Amino acid sequence: MVVGATGSTKYALEATSADDLWLVFGLAAHDMQSSDLQAVSLAYYLHIGRVMIDKWHTRFMEMAKLVSLWSKDPSTKTGGVIVRPDRTIASVGFNGFPRKIADALEFLNDREEKYKRVIHSEMNAILNARERLDGYTLYNWPGQSCSRCAVHVIQAGISIVVSPELDPNDSFMRRWMDDMILAESLYREAGVTLIHV
Ligand SMILES: [Zn+2]
């Protein structure tokens, strides 16, 4: 470990457990000036804040995963959760046919026919919401939005999108990879914050 205010601050920011942080505090208290201690304390609180935010991302991502299971799509089940800035839930959605359109297996099992009828989870979450979504956060499971959803998410005013990391080894993501990369570039251009968990 690097000892000294800068090194310890960096270590505190990168620490992954409370035990690691207490170790930094111990070294800081032993070796440093009070100004250095302040720097490490700040890093400590930034770290705790980051851990808290990560916990909420994990919770809502687990919820998006749960919602995805409601889908009747035999190939890919996707889920979306739209969350207000105060961490209450505004809306959820999964991929499926519109209300009053039968979930007929002959169409669910025929990709061409399915694509004509299906509403993606992001779009369903937007359409299910009963309020404006400016500044809200969208959680996507199991991958990133497609480009068509991305333009609608942008237009709805959603400002943060949380999704799993793009993974070429995942068969679903591999099928959509080029479009997900385009979606991410559209999100970036529109100033939407992307978070991968
Ligand atoms: Zn989509």
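Okay, let's start. Keep in mind that this is a predicted model. The protein has 197 residues, and 31% of them count as buried. It has eight helices and five strands. In what order do the elements run from the N terminus on? The order is α-α-α-β-β-α-α-α-β-α-β-α-β.

Now contacts along the chain.

Next, the core. In soluble globular proteins, nonpolar side chains tend to be buried together. Here, the largest nonpolar core has 28 residues. Which residues have the most contacts inside it? They are V81, I82, Y139 and I158. The largest share, four residues, comes from α3.

Let's zoom in on I158. Leave aside its neighbours within four places in sequence. I158 is then in contact with I82, L133, Y136, L138, V153 and V192. Remember that I82 was also on the list of residues with the most contacts inside the core.

Now the helix pairs. First up, α7 and α8. Their axes come within 8 Å and cross at roughly 20°. An angle under 35 degrees counts as roughly parallel, so α7 is roughly parallel to α8. The crossing of this pair is right-handed. Which residues make the contact? From α7, we have S147, A150, V151 and I154. From α8, we have D179, L182, A183, L186 and Y187. By class, the contact of α7 with α8 has seven nonpolar residues, one polar and one charged.

On the second pair, α6 and α7. These helices pack at an angle of about 25°, with their axes 9 Å apart. Therefore α6 and α7 are roughly parallel to each other too. Is their crossing left-handed or right-handed? The crossing of α6 and α7 is left-handed. In α6, the residues are E122, M123 and I126. They meet C149, H152 and V153 in α7. That contact has four nonpolar residues, one polar and one charged.

One link to finish. V153 of α7 meets α6, and V153 is also in contact with I158. Thanks, everyone.

Methods:
Residues numbered from 1 in each chain as written. Predicted model: local features only at pLDDT ≥ 70, side-chain atom pairs only at ≥ 80, totals over all residues. Core = buried A, V, L, I, M, F, W, Y, C linked by C-beta atoms within 7 Å. Buried ≥ 20, exposed ≤ 12 C-beta atoms within 10 Å, placed from the backbone. Helix = DSSP H or I, 4+ residues; strand = E, 2+ residues; numbered from the N terminus. Contact = placed C-beta atoms within 7 Å. Axes fitted to C-alpha atoms, helices over the stretch in contact; angles between N-to-C directions. Parallel < 35°, antiparallel > 145°, perpendicular 65-115°, else oblique. Left-handed = near helix turned anticlockwise from the far one by under 90°. Nonpolar A, V, L, I, M, F, W, Y, C, P; charged D, E, K, R; others polar.
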